[in-house]
Every structure is written in C-alpha cells, then in structure tokens.
Amino acid sequence: MVTINYRDGRPFYEQVKDDLRRLVVTGTIWPGEKLPSVRELAGQLAINPNTIQRAYRELEAEGYIISVPGRGSFAAPREQENDPRREELLTRLKETARELTWLGMTPEEICAEIGGMTDEHD
C-alpha cells in the first residue's frame with residue numbers, strides 16, 4: 001500500500017518511490033503485475049500526477065518497474081539485473097558492515113542477521 005506521510009520531510013515522489021520499491025522487493029507486487037495508472041494512484045493519494053510520474057520514471061531507471069507505452073507500468077521480472085543499483089546497495093552494505101564491526105558485532109553475527117532477513121518481509 002502506498003501512503004503519503006505529511007510529517008515526513010522527504011518529497012512525495014520519494015515516499016511513493018520507496019513504498020512501491022518495497023512492495024516490489026517484498027513480493028507484495030508480483031513480477032509482471034500491473035501497477036496502478038499514474039492518474040489512478042495520484043487520485044488515491046490526492047497528489048499531482050506529475051509526482052507519481054516522477055516516481056515511476058525513477059523506479060524504471062533503477063530497474064524495479066517496466067513501462068510499456070499504451071499499456072502501463074509493471075513490476076520488473078526478478079531475474080532482470082540492474083548492476084548500477086546492485087553496486088550502490090553493495091557499497092552501502094559494506095559501509096554498514098564496517099560500522100557494525102566497529103560497534104562490536106562479529107562478521108558471523110552480521111551474516112546471521114542478513115541471512116535472517118530472507119524470511120522477513122519488513
């Protein structure tokens with residue numbers, strides 16, 4: 001479910017983008033599943049359609065959705081690789097792991113935490 005939090009300091013398009021990315025990554029939106037149209041989602045959230053369009057455009061650039069002219073936007077297949085996004089996330093993961101190690105966690109504890117994430121959806 002996509003929501004807008006008016007107390008969140010982030011722009012609306014980022015909130016929409018993050019919510020949709022989370023829905024795709026967790027499998028709530030299945031690969032190939034059609035997303036709401038720009039107008040439909042803008043109407044549901046009571047925000048400007050350009051805001052939704054920007055979120056969709058950025059999600060497509062990141063490889064999470066595919067837009068088909070005249071048909072709409074769909075969740076991208078999981079087997080589709082997106083090297084730039086993957087590299088960005090790996091860099092952030094390594095930085096986080098370094099900081100967790102500095103805070104006293106062992107590599108084994110970090111790996112156990114990461115391994116446990118595959119069973120969770122939040």
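A crossing of two helices is called right-handed if the near helix is turned clockwise from the far one by less than a right angle. In this predicted model, helix H1 passes helix H3 in such a right-handed crossing. The two helices pack with their axes 8 Å apart and at an angle of about 50 degrees.

On the H1 side, the contact is made by Phe12, Tyr13, Val16, Lys17, Leu20 and Arg21. H3 contributes Thr51, Ile52, Arg54, Ala55, Tyr56, Glu58, Leu59 and Glu62. Sorted by class, the contact has eight nonpolar, five charged and one polar residue.

The largest nonpolar core has 21 residues, and those touching the most other members are Val16, Leu20, Leu41, Leu45, Ile52 and Tyr56. Two or more residues come from each of helix H1 (12-25), helix H2 (38-45) and helix H3 (49-62). H1 gives the largest share, five residues. In soluble globular proteins, nonpolar side chains tend to be buried together.

Ile52 can be followed in more detail. With residues up to four places away in sequence left out, Ile52 touches Val16, Val38, Leu41, Ala42, Leu45 and Ile47.

Helix H1 also holds Gln15. This glutamine has a relative accessible area of 2%; the limit for a buried residue is under 20%, so Gln15 is buried. Apart from neighbours within four places in sequence, Gln15 is in contact with Thr3, Ile4, Asn5, Asp8 and Arg10.

Note on methods: Residues are numbered from 1 along each chain as its sequence is written. This is a predicted model: local features need pLDDT of at least 70, side-chain atom pairs count only at pLDDT 80 or more; totals for chains, interfaces and linings use all residues. Side-chain values use heavy atoms; hydrogens and water are left out. A nonpolar core is a set of buried Ala, Val, Leu, Ile, Met, Phe, Trp, Tyr and Cys residues joined through side-chain atoms within 4.5 Å. Buried means under 20% relative accessible area, exposed over 50%, partly exposed in between (1.4 Å probe, protein chains only). Helices (H or I, at least four residues) and strands (E, at least two) are DSSP runs, numbered from the N terminus. Contact means heavy atoms within 4.5 Å. Axes are lines fitted to C-alpha atoms, for helices over the stretch in contact, and angles run from 0 to 180 degrees between N-to-C directions. Ala, Val, Leu, Ile, Met, Phe, Trp, Tyr, Cys and Pro count as nonpolar, Asp, Glu, Lys and Arg as charged, and the others, Gly among them, as polar.
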